[in-house]
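Dear colleague,

I am handing over the structure below for your study. My notes on what was found in it follow directly after.

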Amino acid sequence: MLKQPKPRSTRARGRLAALTVALAVTTTVGLGTVAGATGRGNRPAPSPKPTIVLVHGPWADASSWSAVIKRLQTAGYAVDAPPNPLRGLAQDTASVSAFLATVAGPIILVGHSYGGAVITDAASGDNNVKALVYVDAFAPDAGESLLQLVAGQPGSALAADPATVFNVVPIPGGGGDVDTYLKPELFRAAFAADLPARQAAELASRQRPLAASATQQPSTEPAWKTIPSWYLIGVDDKVLPAAEQLDMARRAGSHITQIHASHVSLISHPGAVESLVERADHATR
């Protein structure tokens, strides 16, 4: 005997019950997803990328960072390369410190050559500076001068008779102080031996001088005692010998990278500089 179909109202009630169950399951899963998303939202947000502040040294200018800047900006960093006055450690430190005070958020401070001495003093007591990066740079202790450090190890072209190394120009109102320019005929061999001759000649023609008095001014309490540091050593450096750089880097407890480069590794090896800055960033997040 054939079964009689259920009344329509019974079938409707069955469908309604099934739909209710389905909705309940969907709602439960949905609430679980929302709860999970809320949980993730309560986690601390990733730290913002620091601003990279680049400080050049003498016989160069901020354009010496150009290739490094392009790489860092491509990697998503905000980058500043303010001019370093090159008038003396106290004045140059004050100038960089004033600039740092205008930068919001965390900072990685990078110094090349004498710029390393400037960042060593300028970062002291600045809680926004999370890391120091030295590029073929001076990292003095309190009371040390550039002249003292250059002579610390043999091999610096600057340790010769100054008359054979520099052209000097009196500084108006400088009380007898002079600006020092590297002699063009020595510029490439001493400063930029791993650059093509034409590029080195161009750099020599637009070099910015360092006041002679700056080489004798003592450093103050160094920031590397309280701020972690990274150090790129150019082992073929004829301005600041690699052995002296290594001594300073070890004393500062720096993370050390050594490459075959002249004193201008920021120009000849910008990728190595950018990589070191990124390592400093990742380590201090």
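How do the residues of the lining of the largest cavity divide into nonpolar, polar and charged? They divide into three nonpolar, three polar and two charged. In this count Ala, Val, Leu, Ile, Met, Phe, Trp, Tyr, Cys and Pro are nonpolar, Asp, Glu, Lys and Arg are charged, and the others, Gly among them, are polar.

Please note that this is a predicted model, in which local features need pLDDT of at least 70 and side-chain atom pairs count only at pLDDT 80 or more, while totals for chains, interfaces and linings use all residues. Residues are numbered from 1 along each chain as its sequence is written, and side-chain values use heavy atoms, with hydrogens and water left out.

The chain as a whole

The chain has eleven helices and nine strands. Helices (H or I, at least four residues) and strands (E, at least two) are DSSP runs, numbered from the N terminus. Of the 285 residues in the chain, 44% are buried; buried means under 20% relative accessible area, exposed means over 50%, and partly exposed lies in between, with a 1.4 Å probe and protein chains only. Among the contacts with a separation of 6 or more, 72% join residues 24 or more positions apart, where a contact means heavy atoms within 4.5 Å.

A cavity is a set of points where a 1.4 Å probe fits but cannot get out, and a pocket is an open set with protein on both sides within 12 Å along at least five of seven lines; lining residues have an atom within 4 Å of a point. Grid points are joined across faces, edges and corners, and a volume is the space filled by probe spheres set on the points.

The structure holds one cavity of 30 Å³ or more. The largest cavity has a volume of about 50 Å³, and its lining consists of Trp 59, Ala 60, Asp 61, Ser 63, Ser 64, Leu 203, Arg 206 and Gln 207.

The largest pocket holds about 330 Å³ of space. Its lining has 19 residues, and Leu 147, Leu 158, Phe 166, Thr 180 and Thr 215 lie nearest its centre. By type, the lining of the largest pocket has 15 nonpolar residues, four polar and no charged. Helix 5 (146–150), helix 6 (162–165) and strand 5 each supply at least two residues of this lining, and the largest share, three residues, comes from helix 5.

Strands and their pairing

Two strands pair if DSSP finds at least two bridges between them. An open sheet of three strands has the order 5-6-7, and its pairing is antiparallel. Its edge strands, strand 5 (166–170) and strand 7 (210–211), each pair on one side only. Strand 5 and strand 6 (residues 178–182) run antiparallel and are joined by five bridges; Pro 170 has Val 178 of strand 6 as its bridge partner.

Strand 1 (residues 51–55) pairs with strand 2 (residues 78–80) in the parallel sense over three bridges. The bridge partner of Val 53 in strand 2 is Asp 80. Both faces of strand 1 are covered, with Thr 51, Val 53 and Val 55 buried on one side and Ile 52 and Leu 54 buried on the other.

Ser 145 sits in the loop between strand 4 (129–135) and helix 5. It counts as buried because its relative accessible area is 10%. A polar atom of the Ser 145 side chain lies 3.2 Å from the backbone nitrogen of Gln 148. Beyond its neighbours within four places in sequence, Ser 145 is in contact with Thr 215, Gln 216 and Gln 217.

Leu 146 is found in helix 5. Why does Leu 146 count as buried? The reason is that its relative accessibility is 6%. Not counting residues up to four places away in sequence, Leu 146 touches Tyr 114, Ala 117, Phe 138, Leu 210 and Thr 215.

Met 248 lies in helix 9 (residues 242–252), and it counts as buried because its relative accessibility is 0%. Leaving aside neighbours within four places in sequence, Met 248 is in contact with Ala 137, Phe 138, Ala 139, Leu 149, Tyr 231 and Leu 240. Met 248 and Tyr 231 are 17 residues apart in sequence and 9.3 Å apart in space, C-alpha to C-alpha.

Yours sincerely

Terms used
A polar contact is a pair of N or O atoms within 3.5 Å; within protein, one must be able to donate a hydrogen and the other to accept it, and residues adjacent in sequence count only if both atoms are side-chain atoms.
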